[in-house]
Amino acid sequence: MTSPTTASAPMSPGAPALRPYQRAAVDAVLAARRRGVRRMVVCLPTGAGKTVIFSHLARLARRQVLVLAHREELLFQAKDKIERALGGQATVAVEQGELRASSEARVIVCSIRSLHEKRLEQVTGGRDIGLVIYDECHHAPAEDNRRVLRQLGAFDPAWTGTLLGFTATTARGDGKGLDDVFEAIVYSRSLPEMIADGYLAPLTGYRVATATDLSRLDGGGLDFAADELEEAVDLEERNALVARSIQELARDRRTIAFCVTVAHARNLAKALNHLGVRAGYVHGDMPSDLRGRILADFREERVQVLTNVAVLTEGFDDPGVSCVAMARPTRSEGLYAQCVGRGTRLHPGKKDCLILDFVDLSSLQLCTLPSLFGMPRDLDLEGRDAAEAGRFYRQIAFDYPGFEVEAGRITLREIQERAAHFDPLSLRVDPEVLAISRNAWASLGRFGLALHFERKPGAISEVAVLARGGRGKRWHVLLDGKLVERFSTLEEAVAAVDYEVARRGPAAGASARHDAPWRRGKPPVPLPAEPPRGHPPPRTMEQAMILAVWARVTAPRVVAGFEHEGGKAGRKDQ
């Protein structure tokens, strides 16, 4: 793909007009290619119109185009949209099963699973392919998919083509990164951003607790093993609860329920039918004609609820869906976002999409709608709009810096009430720290610890051990605001500080203890920091010093720095 600008190819009459972000994505791809990036990714949530973008890029391409997809539904969706974008100016053909692309086809849409070595040779033979578009490219790191890309020459230094991947999620269940295949993410927008801009439907949600216990499941992987999860959640009592919740909360909404296995999907559909809710189920091994009839029944509202197993997470385009029931718990944010995305498309008369999170007992972090918007995972939105709730939660976090929500079901009102009574002086020090130190360490919550001592009579020094970064020597020791050392564990940092304080002499060592006289002295005037909202001023010098370091580490600029260090996306290009 060598076309330098989007202006060089006029819009075809049947092609959909590009939205501003879609045009920005096109421009980002072209700019990246001019910089020499050959393997790139565009990451946009479900419903953002990825096919419209790559159809436009296919129209701009000067050489032939190969589109790779994983599902039959995606093949023909892509063919239809590319044909409209090209306006009949070029042939678009499908290569899958018994279907063979004609030699004059300018764009070939292929099922990547059918591209064994010999067939791929036949597809590429005699063609000058300059643009390879990989839809749902988070599958690319799988070995057989990499084999196809290698055979196309995508990893050869002399390759003059472009590999362009599209996905709604860069996360994979097996932990393999896309950077093994692609060089850069050149354009991305998040689901909350797209909703805020009015391009996707607002999301509302309920948290429905179950009595199912997931604590015995293996937590070593990135997500639960399907066989173990099925045994835990495909229970008559749980299916009945899920069915009743869909009946009561979804009411007449067209609903998709995501399940663990075929048996789970079948049993949940039975539970729904037992309550009088018209339900069907689909799965990947079902004959395509039967699956097509069931999907048609769902679209035409002869079926209200459709349970499924990993079939509707990709390539399913039904804007009328207005409820998603997560009957399968997951720890994968990518999978969760894909499932939720099935209900985000806009549709006439559709005000929002309701997300039902069925939350089982687990010590592991389960993905929920609130977590998708940066809120506590156990928050019950009680049917509220997730974006509005997110803004409200961020305001609470701004008004009460450093306040943390403990694990367990909680509502926004309860968070606000607890925040109003939050006192950083009441935070408890980790028992493991208390076990190794006799000094008066003060807890700074998730930020770390602080210790004050007298370096000389009347001159108080401050040591802060702060969590910065996610790996390696993440515990930074600051003495009076200056970085002096880094450690891998909190215990190592505490032991080192205690040792250095003791080295300063008996007086300094004694001043670091809980019974040091200076701690009970009167606080300075003026105070080094204001007390939290609604709390009285500090009564002692020790309290004043703790509040001062608390105010510094929870200041917005410091918190933002932590988030930047600990939450890097690992992207080479933005």
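**Close-ups of a predicted model**

R302 is partly exposed in this predicted model, with a relative accessible area of 44%.

View 1. R302 meets E300 side chain to side chain in a salt bridge, 2.5 Å from N to O. There's a bit of a network here too: salt bridges link D297, E300 and R302. Side chains of opposite charge can pair up when their charged atoms come close.

**View 2. A salt bridge between distant parts of the chain.** Here E462 teams up with R552, and their closest N and O atoms are 2.1 Å apart. E462 sits in strand β16 (residues 459-467) and R552 in helix α18 (residues 541-553), so the pair links parts of the chain 90 residues apart. E462 is buried, at 12% relative accessible area, while R552 is partly exposed, at 42%.

View 3. K79 and E83 join in a salt bridge of 2.6 Å, N to O. They're four residues apart in helix α3 (residues 72-86), which means about one helical turn separates them. K79 is partly exposed at 21% relative accessible area, and E83 is partly exposed at 29%.

**View 4. The open, parallel sheet.** Six strands line up as β8-β13-β12-β9-β11-β10, with parallel pairing. At the edges are β8 (203-213) and β10 (279-283), each pairing on one side only. Look at β8 and β13 (residues 353-361): eight bridges join them, and A209 has V359 in β13 as its bridge partner.

**View 5. Helices against the sheet.** Helix α9 (residues 262-274) packs on the sheet and touches β9, β10 and β11. Helix α11 (residues 333-341) lies across β8, β9, β12 and β13, at about 150° to β12.

Technical notes:
Residues are numbered from 1 along each chain as its sequence is written. This is a predicted model: local features need pLDDT of at least 70, side-chain atom pairs count only at pLDDT 80 or more; totals for chains, interfaces and linings use all residues. Side-chain values use heavy atoms; hydrogens and water are left out. Two strands pair if DSSP finds at least two bridges between them. Helices (H or I, at least four residues) and strands (E, at least two) are DSSP runs, numbered from the N terminus. Contact means heavy atoms within 4.5 Å. Axes are lines fitted to C-alpha atoms, for helices over the stretch in contact, and angles run from 0 to 180 degrees between N-to-C directions. A salt bridge is a side-chain nitrogen of Lys or Arg within 4 Å of a carboxyl oxygen of Asp or Glu. Buried means under 20% relative accessible area, exposed over 50%, partly exposed in between (1.4 Å probe, protein chains only).
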